[in-house]
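These are my notebook entries on a predicted model. I wanted to look up some helix contacts first, and then some backbone details.

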Amino acid sequence: MRDQASVLEDVRQGMIPAHIYNDDEIFALEKERVFGRAWMFLAHESEIPHAGDYVVRRVVDDSFIVSRDESGAVRAMFNMCLHRGMQVCRAEMGNASHFRCPYHGWSYKNDGRLVGLPFHGEAYGGEEGFRKKGQTLLPAPSLDTYNGLIFVSLDPAAPPLREYLGDFAFYLDFYTQQSAEGIELVGPQRWRVKANWKIGAENFAGDSYHTPHTHSSVVEIGLFREPKASKRKEGALYWAGRGGGTTYKLPPGTLDERLRYVGYPDEMIARMRATWSDAHLAMVGDDGFMVSAASAFPNLSLVHNWPKVEDTESDDVTPFISLRQWQPVSADETEVLSWFAVDRNAPQRFKELSYKAYLMCFGSTGMFEQDDVENWVSITSTAAGSMARRLRLNSRMGLLADDKPVSPPLAHFSGPGVAYVGFGEYNQRAMLRHWADALEAPPPEEGTVDLGGTS
Ligand code: FES
């Protein structure tokens, strides 16, 4: 690898050494310094509504059981038996009061406490020889939630999640809080692609430029009401705190008319009015911008769009929301987790049509998904070669040679952060600046690592 400092300097200039998209040494650093520290989305509270409900999710190599214990508290427990290290829970989701290790049968309550140990007396001399009491599966070092989204950090000294997200939380609200009760999820669909995890995260953060070309066939078949995908350049690109995204510019109208244009029924609009802040309402109603794709560093993305679901002459569209995570497997492979999200209070018919809209566009069979992934696999495989080590990719769209923006940021934008109208790679650069800062930071100190376990 070229020396790290010069690679990161190039990245900060928007000139990206192509090999960062497929480089084992960089991936080893990412595991330690990005995924070893960042807040990582694991699940949503609606996936585990009842006591005993659980899902099993990963932070790169580390498996966690995310459960709701008998007291209703959400737990994230390292899925490794305290005895010889077997995965305690091998199922992907379910409901259990206890988890019994398949190897020798130690068993744990759904809050992580060790409660069963076969032949405790004969093998260990009972409580006197080895105290079960006080032994628990290792908890995730940090756990926090926002609008029901459950995150963990492997860093016990992580800042509070809300502080980490910063002003990006404002934009998360559009996807996750359309009424006081928030969202419910369906999924996730999971599949693996031979692509580096950063490419999807960058794409969702700000690549409205690819839509007219990569997704032209989706427009040609009439899936969208807007006739030209190039309409995307009228949207604003914003970056705030730990994330950024793209928006669509809606036609002139009142707030209600603009939300109806996106396909929301009046009863959902009334709940949005009652739930969103004045700034949320102004961004849609006054500025006319509706959120589309977005990413929070490092690997959580969201998407909101409104295709025609039914094959009729009518102009009716139905909005959908999807959450997705680009879970790294290796430098050249990513596991995609894709959830359908919908407001819990939405009418049943809306939920059904919205799910259909999601499946048509995203998910393992979605038309957008198929278009995108072919690009990302190709980038990743080419980035492994020796020539890629000599190439710096140009990611300076929206910047002049002297680093000034082609057009100034929007003077009036109701959301927080900075926003530009038109095509630009502001957000991809912002995403990679966070990445460069993370790689440059010293590794988590040993003193902050909690050495739990049995003794
Ligand atoms: Fe789990 Fe032995 S490894 S009981």
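I began with a helix pair, and noted that Lys198, Ala201, Glu202, Ala205 and Gly206 in H7 meet Tyr426, Asn427, Gln428, Met431 and Trp435 in H15. Sorted by class, this contact of H7 with H15 holds five nonpolar, three polar and two charged residues.

I then looked up the geometry of the pair: H7 covers residues 197-206 and H15 covers residues 426-440, and the two pack at an angle of about 135° with their axes 7 Å apart. That angle makes H7 oblique to H15, and I recorded the crossing of H7 and H15 as right-handed.

I stayed with H15 for its length and burial. Its 15 residues reach 21 Å from the first C-alpha to the last, close to the 21 Å expected at 1.5 Å a residue. I listed the buried residues of H15 as Tyr426, Asn427, Gln428, Arg429, Ala430, Met431, Leu432 and Trp435.

My next entry concerns H10 (residues 255-262) and H12 (residues 278-285), whose axes come within 8 Å and cross at roughly 70°, and I therefore put H10 and H12 down as roughly perpendicular to each other. Leu255, Arg258 and Leu259 in H10 meet Leu281, Val284 and Gly285 in H12, and the residues of this contact divide into four nonpolar, one polar and one charged.

I turned to the peptide bonds. The bond from Gly187 to Pro188 is cis, with omega near 5°, and Pro188 lies in strand E12, residues 183-193. The bond from Phe297 to Pro298 is cis, with omega near 5°, and I placed Pro298 in the loop between strand E15 (289-296) and E16.

Which residues other than glycine did I note with a positive phi? Val60 is one of them, with phi near 55°, and Asp403 is another, with phi near 75°. Val60 sits in the loop between strand E3 (53-59) and strand E4 (62-68), and counts as partly exposed because it has 19 C-beta neighbours inside 10 Å.

Is Val317 buried or exposed, given its place in the loop between strand E16 (300-305) and strand E17 (320-330)? I found Val317 buried, with 22 other C-beta atoms within 10 Å. I also noted that the C-alpha atoms of Val317 and Asn305, twelve residues apart along the chain, are separated by 9.4 Å.

Terms used:
Residues are numbered from 1 along each chain as its sequence is written. This is a predicted model: local features need pLDDT of at least 70, side-chain atom pairs count only at pLDDT 80 or more; totals for chains, interfaces and linings use all residues. Axes are lines fitted to C-alpha atoms, for helices over the stretch in contact, and angles run from 0 to 180 degrees between N-to-C directions. Helices (H or I, at least four residues) and strands (E, at least two) are DSSP runs, numbered from the N terminus. Angles under 35 degrees count as roughly parallel, over 145 as roughly antiparallel, 65 to 115 as roughly perpendicular and the rest as oblique. Two residues are in contact if their C-beta atoms, placed from the backbone, lie within 7 Å. Ala, Val, Leu, Ile, Met, Phe, Trp, Tyr, Cys and Pro count as nonpolar, Asp, Glu, Lys and Arg as charged, and the others, Gly among them, as polar. A crossing is left-handed if the near helix is turned anticlockwise from the far one by less than a right angle, and right-handed if clockwise. The expected span of a helix is 1.5 Å times one less than its number of residues. A residue is buried if 20 or more other C-beta atoms lie within 10 Å of its own, exposed if 12 or fewer, and partly exposed in between; C-beta atoms are placed from the backbone.
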